[in-house]
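Let's take a walk through this one, starting with a pair of helices and moving on to a sheet. Have the viewer open as you read.

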Amino acid sequence: MEKKGSTLILGISLMLVAAAITVAALSLYIKFAGLKLVKEQSSLEEQSMQGTSAESSTREETNYELSKMEQIDELIRNSYLKDYDRNDQMDAVYRAMLDSLNDPYSRYMNSDELKQLQQDINSAFTGTGIVFINDDIEGFVITEVVTGGPAAVAGIKEGDIILQADGKSYKTSEELISAIKGNPGTKVDLKVMRDDEEMEVSVIRGDVKGVSVESKTLDKENIGYIKIRSFGDETYSLFDSAISGFETRKVDGLILDLRDNPGGLFDEGVKIADRILAECTVTYTIDKSGTKENYNSNASKTGLNLVVLINGNTASTAEMIAAAIKTNGAGTLVGETTYGKGLIQETHVYEDGSAVNLTTKEFFPAGGTRIDGVGVSPDVTVSNDGAGTEDKQMSKAIQTVKGK
């Protein structure tokens, strides 16, 4: 998905996200999709015995469809002239079932792809350690280089623009991902543009462990800064530790940076919102049957003056938090309208290690405003001009914290 610059993490890891993006290996952090991981599935035999009265009305049609599939399968096995891989064939069948939904967030994953997804959620992958966006004007702009990662060691810097990988140019994020991914110890030659000068850099791929939460006190300012890159298993714990430290030190305010955050585990996001907000409805979900489920926060909240940075690549779980803060008047949103991914996927894991990622719910802020396809608008609109320029959004966030 090429929308407002898809956020990518290079590695031989996967997409996440979620949200429509394919991230394996340089991992296109696909707008993660507020994932609910991981729901174990019973055997197919057990599942077939769990029908409801409503389902029984379609059982006859389902039996015919299964019978037809069995007949086609038998025809191929008995009559097809050439050899074929049975596992590849069945994987193709499962993929087709999900692809037919025309939902960019619902998909079938084999066991390797599921492992990549789980690694990507927790920012662990094999690759170069580069985060970039596909900017409509600049091209593939590197927005972050993982400290100590292969790209950092090779001299790649934030703001570099990727022109080629191994001597070839690419038009889409997915194509570039495929070109850069590879096994640990292998090399990829990148041509990048830096300050209007082209340069060749060889990067040896390796293991990269990113951190989903970064925190610091801004230089010359008594302002806390927390950046959340994605929502993995440890994100809430890291966030809670960081904000608790700022509360203890009594900083003048907090900037929460959700820019270029593709989302991740939905429940981790709810816990973070609960840590920020007073007693209220953080968000609610609606499923296929119209069932509504509320996610509420308790009475305790942070007393810090809060500003939240958002942009067009803030997606899914990150949008849920931004919308909850805005709806409940708990902080000021600065930046640009977010991506617009208000759907939740559940990941169902099967006995052979494969899985199905399926859109099952839509989430809304307490006021009921739709996020999916719309996004969350900032309270203060500020755009950054492009790579290598002043971070105007950050400057405005600092001014807002100070009340200027």
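## Two helices side by side

Helix α8 (residues 235-249) packs against helix α9 (residues 266-276) at an angle of about 15°, and their axes are 9 Å apart. The axes are lines fitted to C-alpha atoms over the stretch in contact, with angles running from 0 to 180 degrees between N-to-C directions.

## Ground rules

This is a predicted model, where local features need pLDDT of at least 70, side-chain atom pairs count only at pLDDT 80 or more, and totals for chains, interfaces and linings use all residues. Residues are numbered from 1 along each chain as its sequence is written, and side-chain values use heavy atoms, leaving out hydrogens and water.

Helices (H or I, at least four residues) and strands (E, at least two) are DSSP runs, numbered from the N terminus.

## The sheet

Six strands form an open sheet with mixed pairing, in the order β11-β12-β13-β16-β17-β20; strands pair if DSSP finds at least two bridges between them. At the edges sit β11 (213-217) and β20 (380-381), each pairing on one side only.

Inside that order, β16 (residues 306-310) and β17 (residues 332-335) pair in the parallel sense over four bridges. L309 stands opposite V334 in β17.

## A helix against the sheet

In α11 (residues 392-401), Q393, M394, A397, I398, T400 and V401 are buried (under 20% relative accessible area, 1.4 Å probe, protein chains only). The buried residues of α11 pack against β12 (223-228), β13 (253-257), β16 and β17. Just after α11, G403 has a positive phi of about 80°.

Terms used. Buried < 20%, exposed > 50% of the residue type's maximum accessible area, 1.4 Å probe, protein only. Contact = heavy atoms within 4.5 Å.
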